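User: Hi! I have just started learning to read protein structures. Could you go through one with me, question by question?

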Amino acid sequence: MPTSLTCTSLSFTWPDGTAVFEGLDVSFGPGRTGLVGVNGSGKSTLLKLIAGELTPADGAVRVAGEVGYLPQNVTLDTALRVDEALGIAAQRTALHAIEAGDVTEEHFETVGDDWDVEERALANLGELGLGHVELDLTIGEVSGGESVLLRLAALLLRRPEVLLLDEPTNNLDLYARRRLYTAVESWPGVLVVVSHDRELLERVDQIADLRSGQITWYGGNFSAYEEVLAIEQEAAERMVRVAESDLRKQQRELTDAQVKLARRKRYGQKMWDQKREPKIVMGARKRAAQESAGKHRILHEEKLAEARERLDEAAEAVRSDDEIRVDLPYTAVPQGRAVLTLRELELAYGARVEGGFDLHGPERIALIGRNGAGKTTLLRTIAGELAPVSGEAMAHVPLRFLPQRLDVLDGELSVADNVARFAPGATNNRIRARLARFLFRGARADQKAVTLSGGERFRAALAALMLAEPAPQLLMLDEPTNNLDMSSVRQLTTALESYEGALIVASHDLPFLESAGITRWLLLEEGELKEMR
């Protein structure tokens, strides 16, 4: 089958001058492609260029067929009805009018051949675990994870030839993820998915590795990609060792040659001083010796330069992707000290905490539950962003809350200026030193937040919270692994190991929760908070 999606000589630069692509050529054919790369490598930017959300500075995108795009951060108008979000509101209205006896031609034109659109919509919602969501509900009445699934359902209804998914498992519970996996496995056309979800990447046909503005292809799923990559890296590291050995050899030979030439020079000078041969003979010998010495020196210097070049090339092939170093401030909470108290708490949208709940000392709480259970609502209530319907939520220590949408950042401010908002007493040098540990070095700290990738936004938001004054003794994280590459997830886990305050994490990422040293598991289910034993 012919290639359905082609990017030719694609170039893109952000308004601040940051280049993302220069002359990128890539084609995606039928099948499932996992697009991987470190945070900030340009994965989301490439999908936006293909989807027409961004305009390239140069080059072209050619697509055979319609493109469906699920962005990383799904934002839907909370006042929209579900059928409007699915794009079927006009057809439903026309169908209902025809069923009521209105046979105006306009209604038939609106429906076209799509007489079963409502049934298909409900079937798609059911397949994605949204059978309980009525088409007349508003988006404000569904959870963040459910809104992601609604956007996906809208795409499935359209049946585009090319489907682009950017971190589609963000905010999805385990049940919803499994349904997404099924939808991906059965997709008949071109599918390109950006994800840090290993289980999802195990279901692709090939991996496109985006690095330094270029793509390298690997056949098979993510496990196959890792195996090949490990072999490549082992070979690259071996080449570095060989190149280093060769460089040391050339350095020794150059040093030996310089010593020999110095000896010859001293001997020639001695012969000149003692005038043992005719002057014309000694002059000719001296000139010949100087020419030979010059050629000898140039030869060894060229060999040394070539050895250095081979070492540089070998080193470039070895991946040394930077990882964030999250040094959390000293935030120890004594054992037994009251950190958080919840009493007879009734939340907006119906969830509640009957009786009481107390968090003491440096406890680590995992808050789990299905999409729409109210986890984010509970965290926002504790953080003071939402008022409870009744009851109380009282924090006894300084707290900070990192929300799913990372909306703590002002998109029009630079990364450094965003951090300064949370820590007005911190010096510019201290802010930049801390940002360097989050990989925002030099000019990167001056980038506007609106230009950052999802992973970069997370790092910037986390840096802002960690530098905030006073330092948090209760840290609340809502789906913190969303948009993070796997190395950054590992680094976040390491950072949390050294955090001595209390922690509440809402997440569907069980491997991350298991590695974060959780001491208590709380399940929010059917409007009630239950402790799991």
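User: In which loop does Ser 212 lie?

Analyst: Helices (H or I, at least four residues) and strands (E, at least two) are DSSP runs, numbered from the N terminus. With that numbering, the strands on either side of Ser 212 cover 206-211 and 214-219. Ser 212 therefore sits in the loop between strand 8 and strand 9.

User: Before we go on, what kind of model is this?

Analyst: Residues are numbered from 1 along each chain as its sequence is written, and side-chain values use heavy atoms, with hydrogens and water left out. Local features need pLDDT of at least 70, side-chain atom pairs count only at pLDDT 80 or more, and totals for chains, interfaces and linings use all residues, for this is a predicted model.

User: Is Ser 212 buried or exposed?

Analyst: Buried means under 20% relative accessible area, exposed over 50%, and partly exposed in between (1.4 Å probe, protein chains only). The relative accessibility of Ser 212 is 73%. Because that value is over 50%, Ser 212 counts as exposed.

User: What is phi of Ser 9 near, and where is this residue?

Analyst: Ser 9 has its place in strand 1, and at 35% relative accessibility it counts as partly exposed. Its phi is positive although the residue is not glycine. The value is near 50 degrees.

User: In what order do the three strands of the open sheet lie?

Analyst: Strands of a sheet pair through backbone hydrogen bonds, either parallel or antiparallel. Here two strands pair if DSSP finds at least two bridges between them, and strand 1 (residues 5-13) pairs with strand 2 over six bridges in the antiparallel sense. Strand 2 (19-28) and strand 4 (58-63) each have a single partner strand, so they stand at the edges. The order is 2-1-4.

User: Which residue stands opposite Cys 7?

Analyst: The pairing in this open sheet is antiparallel. The residue opposite Cys 7 belongs to strand 2. That residue is Val 26.

User: What angle does the direction of helix 1 make with that of strand 1?

Analyst: Helix 1 (residues 43-51) packs on the sheet and touches strand 1, strand 2 and strand 4, where contact means heavy atoms within 4.5 Å. Axes are lines fitted to C-alpha atoms, for helices over the stretch in contact, and angles run from 0 to 180 degrees between N-to-C directions. The angle is about 115 degrees.

User: How many residues does the largest nonpolar core have?

Analyst: A nonpolar core is a set of buried Ala, Val, Leu, Ile, Met, Phe, Trp, Tyr and Cys residues joined through side-chain atoms within 4.5 Å. In the largest one, the residues with the most contacts inside it are Leu 86, Leu 150 and Leu 165. Helix 6 (residues 144-158) gives the most to this core, with nine residues. The core has 46 residues.

User: How many of the residues of strand 16 are buried?

Analyst: Strand 16 (residues 502-506) has both faces covered: Ala 502, Ile 504 and Ala 506 are buried on one side, and Leu 503 and Val 505 on the other. The strand is therefore largely enclosed by the rest of the structure. The count is five of the five.

User: How many bridges join strand 15 to strand 16?

Analyst: Strand 15 (residues 474-478) and strand 16 run parallel, and Leu 474 has Ala 502 as its bridge partner in strand 16. Strand 12 (residues 364-368) also runs parallel to strand 16, joined to it by four bridges. For strand 15, the number is five.

User: What separates the C-alpha atoms of Ala 464 and Ala 416?

Analyst: Ala 464 lies in helix 14 (residues 454-467) and is buried, with a relative accessible area of 0%. Along the chain, Ala 464 and Ala 416 are 48 residues apart. Their C-alpha atoms are separated by 8.8 Å.
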